[in-house]
Amino acid sequence: DWESAIRVGVLDCGEEGNYETCKEYGIHYYPTFRYFKAFTKQFTTGENYQGADRELQTVRQMMIEFLQNHSQEVRPPACPPLDPVLSSDVTSLFDKNSHHYTAIVFESNSSYIGREVILDLIQYENIVVRRALNFDKPFLEKLGVTSVPSCYLIQPNGSHGLINNLKPLRSFFSSYLKSLPGVRKKLLLPLQLPAPENKEESTEIKVWKEFDKSRLYMADLESGLHFLLRVELATHKALEGAELKTFKDFVTISAKLFPGRQPVVKLLETLQEWLVSLPLDKIPYDAILDLVNNKMRISGIFLTRKVQWVGCQGSRPELRGYSCSFWKLFHTLTVQAALRPKALINTGLEDNPQIVLQVMRRYIQHFFGCKACAQHFEEMAKESMDSVKSLDQAVLWLWEKHNVVNNRLAGDLTEDPKFPKVQWPTPDICPACHEEIKGLHSWNEDQVLQFLKSHYSSENILYKYTESQADPSDNEQGDTREVKDKSLLKNPGGNGENKLQDKENPVDSGSRVLEKPVGNPGAVQGSGKNAAASVNLKGTRQAVSFLGIGFSNLDMSLCVILYVASSLFLMIMYFFFRMRSKRWKVKYYRSSV
């Protein structure tokens with residue numbers, strides 16, 4: 001009903017096609033409210049919403065204040081006056097014939113009901129709504145107004161009186177006024193919006209992927225990393241201070257603990273080495289993105305550039321997805337830390353059993369889009385995270401808090417009806433985890449720990465639906481190799497537990513089954529050999545890798561320019577001193593007698 005005065009639009013920043021727009025407008029958290037004034041010609045990121053909470057009533061009141069504070073010269077023409085009228089103005093309306101009804105809502109100064117009713121009726125003709133404050137007590141008594149808010153109606157024939165049979169609520173006032181004889185909705189042209197572009201993605205049909213809920217899918221973990229590194233971090237133009245420290249620690253534990261495919265692990269390791277080598281207090285996000293996107297064309301690193309939810313897919317696009325994969329990612333990291341306690345040696349993080357939980361806590365505080373979620377997690381962390389004294393306790397702490405969140409969100413609007421929020425693991429996938437003591441349900445935490453270590457282990461990961469690891473940049477350079485570089489997929493460290501292969505075939509023709517990747521210990525030992533082997537592939541590269549550092553075309557061009565400039569400088573200095581030497585010889589030369 002308010003559309004002709006203020007329009008409400010929604011932009012999903014979790015949708016891949018909206019990443020750049022949300023980045024351009026500096027959207028850090030969800031939900032974010034931005035207001036854009038009418039008739040604005042120059043680009044603006046809008047005025048940020050600042051309110052006590054995100055309740056609908058509060059947001060509606062903030063919209064009213066935004067309209068009211070809008071300068072009169074450029075106020076939307078359809079927006080009626082929202083300021084209160086004086087008692088003398090009300091009196092002048094009495095005993096006058098008019099072509100329309102006039103409704104006056106008497107209210108207190110802090111009430112919003114009058115302005116809400118005014119906006120509710122702006123699309124209706126034959127009625128005008130105004131508001132008046134309850135300051136003039138004698139005048140109110142004269143009209144018979146004994147309490148506020150109250151609605152006073154002036155008929156077209158000039159008669160007037162208080163409407164006594166209504167509850168003092170906005171919905172009652174608006175509904176009654178709309179039902180008056182002769183009051184009807186105006187015939188308005190439909191809102192004209194730009195036609196959506198015919199992109200290929202929009203025509204893509206999302207096919208439901210069948211999955212085994214007792215298994216972990218690498219597609220979910222890699223999609224979560226993609227969203228985290230390319231979307232969530234992108235809302236920050238630069239990282240510094242606590243944000244930079246948090247990101248460095250996250251990359252470190254991921255590089256050491258993530259049980260991923262070789263190219264993904266190598267990307268994380270390269271990112272970690274790069275961050276450690278930079279003595280900067282502030283790093284622009286675009287520099288991080290260039291490395292994640294492999295702009296330097298380092299051989300053998302790759303991370304999917306699209307989301308492919310499997311175990312985290314929702315019945316609707318806006319449900320589950322990244323939040324689900326975020327939980328899975330950190331559950332996996334806590335379990336991997338417990339299974340491989342020596343993985344973090346020489347990182348400075350090895351002596352802290354809470355390290356994965358602390359990094360998760362700081363990441364959620366600084367980067368996670370859902371601000372309400374971040375506040376709830378911080379409350380849980382303050383309450384009991386300090387009680388974690390071992391890596392196994394860290395695994396159980398995160399599991400317990402995840403169930404607390406599930407319990408709180410059960411029945412919430414964000415809950416997927418196809419995947420209700422329940423206490424996990426359910427009895428059908430872990431019967432031994434559940435016990436009954438005196439008729440009450442109880443968890444067997446030893447069995448839960450054993451289940452978690454099995455569920456989030458490398459052996460339980462399926463690679464169905466994962467994207468091929470061929471770097472798209474190779475195709476751009478005319479690399480039409482027919483045989484994949486096998487060294488990227490084999491276990492260079494000879495780790496026996498990683499020699500299994502996933503035998504399942506993907507449903508979609510675009511996905512391929514790859515050999516199970518090596519764990520991080522093997523990846524660290526063999527990354528250099530793999531990189532060397534990859535250089536021998538057919539096709540040319542536009543980058544050079546030296547000691548794990550990639551050089552772009554710009555870097556090489558600068559090196560050439562500096563080399564040429566240095567050579568010219570040395571030649572000039574050589575000729576200068578040579579000419580000077582000749583002059584000295586001529587000046588001081590004496591012929592022998």
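Cys312 turns out to be buried, its relative accessible area being 0%; here buried means under 20% relative accessible area, exposed means over 50%, and partly exposed is anything in between (1.4 Å probe, protein chains only). The model is a predicted one, in which local features need pLDDT of at least 70 and side-chain atom pairs count only at pLDDT 80 or more, while totals for chains, interfaces and linings use all residues. Residues are numbered from 1 along each chain as its sequence is written, and side-chain values use heavy atoms, with hydrogens and water left out.

The partner of Cys312 is Cys324, and their disulfide has an S to S distance of 2.1 Å; a disulfide is taken as a pair of cysteine sulfur atoms within 2.5 Å. The link between Cys312 and Cys324 is left-handed, with -70° about the S-S bond. Cys312 sits in the loop between helix H11 (285-292) and helix H12 (322-339), and Cys324 in helix H12, so the pair ties together parts that are 12 residues apart in sequence. Helices (H or I, at least four residues) and strands (E, at least two) are DSSP runs, numbered from the N terminus. Cys324 is buried too, at a relative accessible area of 13%.

Searching the whole structure turns up four disulfides. Counting bonded cysteines along the chain, they pair up as 1-2, 3-4, 5-6, 7-8. One of them joins Cys13 to Cys22, S to S 2.0 Å. The torsion about the S-S bond of Cys13 and Cys22 is about -95°, so this disulfide is left-handed. Both Cys13 and Cys22 are buried. Another joins Cys370 to Cys373, S to S 2.2 Å. Here the torsion about the S-S bond is about 75°, so the disulfide of Cys370 and Cys373 is right-handed. Cys370 is partly exposed at 22% relative accessibility, and Cys373 is partly exposed at 35%.

Cys151 is buried, with a relative accessible area of 1%, whereas Cys559 comes out partly exposed at 44% relative accessibility. In the model, residues 560-577 are 100% helix and 0% strand, with the end C-alpha atoms 26 Å apart.

On to helix packing. Helix H4 (residues 113-120) packs against helix H6 (residues 170-178) at an angle of about 35°, and the axes are 9 Å apart. Axes are lines fitted to C-alpha atoms, for helices over the stretch in contact, and angles run from 0 to 180 degrees between N-to-C directions. H4 contributes Ile113, Glu116, Val117 and Asp120 to the contact, and H6 contributes Arg170, Phe173, Ser174, Leu177 and Lys178; contact means heavy atoms within 4.5 Å. By class, that makes four nonpolar, one polar and four charged residues. Ala, Val, Leu, Ile, Met, Phe, Trp, Tyr, Cys and Pro count as nonpolar, Asp, Glu, Lys and Arg as charged, and the others, Gly among them, as polar.

Leu268 belongs to helix H10 (residues 262-277). At 3% relative accessibility, Leu268 is buried. Leaving out residues up to four places away in sequence, Leu268 touches Leu225, Val251, Ser254, Ala255 and Phe258. Leu268 and Lys256, 12 residues apart in sequence, are 8.6 Å apart in space, C-alpha to C-alpha.
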